[in-house]
Amino acid sequence: MSVVIIANGDPPTKADIDRWLGSADTLICADGGARAALRFDLRPHHVIGDFDSLDEAALAELAARGAQLHRYPTRKNETDLELALIFAAQTYPRP
């Protein structure tokens, strides 16, 4: 099983995302990384973070696309990317 995580920051190109997702079973977005998913009409399985980079309309659209939204408090020890990595490791462990 493969997992692709898109984080906030400079977004990847559509070609990069298509190449990565060609072999991936699961797409996870770390908070603002979901903007790239929306821009490229992707359907992430999970969006994880405190959602300070996404407005309610974006969250509603992601949920409508079938994403499970995992909201964390703004005050936390981990970054949104760290939360996504921890979630991926716990939910999709490698054999």
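1. Accessible areas here come from the Shrake-Rupley method with a 1.4 Å probe. On that basis the protein chain, which is a predicted model, exposes about 5600 Å², and carbon and sulfur atoms supply 49% of this area. Of its 95 residues, 40% count as buried.

2. The protein chain contains 4 helices and 4 strands, and from the N terminus on these elements run β-α-β-α-β-α-β-α. Among contacts between residues at least 6 apart in sequence, 39% join residues at least 24 apart.

3. As to overall dimensions, the radius of gyration is 12 Å, which agrees with the value near 12 Å that a compact globule of 95 residues would have. The C-alpha atoms fill a box of roughly 35 × 30 × 25 Å along the principal axes.

4. On charge, the protein chain carries 10 positive and 14 negative side chains, and the centres of the two sets lie 2 Å apart.

5. Asp-80, which belongs to helix H4 (residues 80–91), has a relative accessible area of 14% and is therefore buried, the cut-off being under 20%. A polar atom of the Asp-80 side chain lies 3.2 Å from the backbone nitrogen of Asp-50. Beyond its neighbours within four places in sequence, Asp-80 is in contact with Ala-30, Asp-31, Ile-48, Gly-49, Asp-50 and Asp-52.

6. Asp-18, in helix H1 (residues 14–21), is partly exposed, with a relative accessible area of 40%. Its side chain is joined to that of Lys-14 by a polar contact of 2.7 Å, while the C-alpha atoms of Asp-18 and Phe-40, 22 residues apart along the chain, are separated by 9.7 Å.

How values were computed:
Residues numbered from 1 in each chain as written. Predicted model: local features only at pLDDT ≥ 70, side-chain atom pairs only at ≥ 80, totals over all residues. Heavy atoms only, no water. Helix = DSSP H or I, 4+ residues; strand = E, 2+ residues; numbered from the N terminus. Buried < 20%, exposed > 50% of the residue type's maximum accessible area, 1.4 Å probe, protein only. Polar contact = N/O pair within 3.5 Å; in protein donor to acceptor, adjacent residues only side chain to side chain. Contact = heavy atoms within 4.5 Å. Rg over C-alpha atoms; globule rule 2.2 N^0.38 Å. Lys, Arg positive; Asp, Glu negative; His and termini not counted. Charge placed at Lys NZ, Arg CZ, Asp CG, Glu CD.
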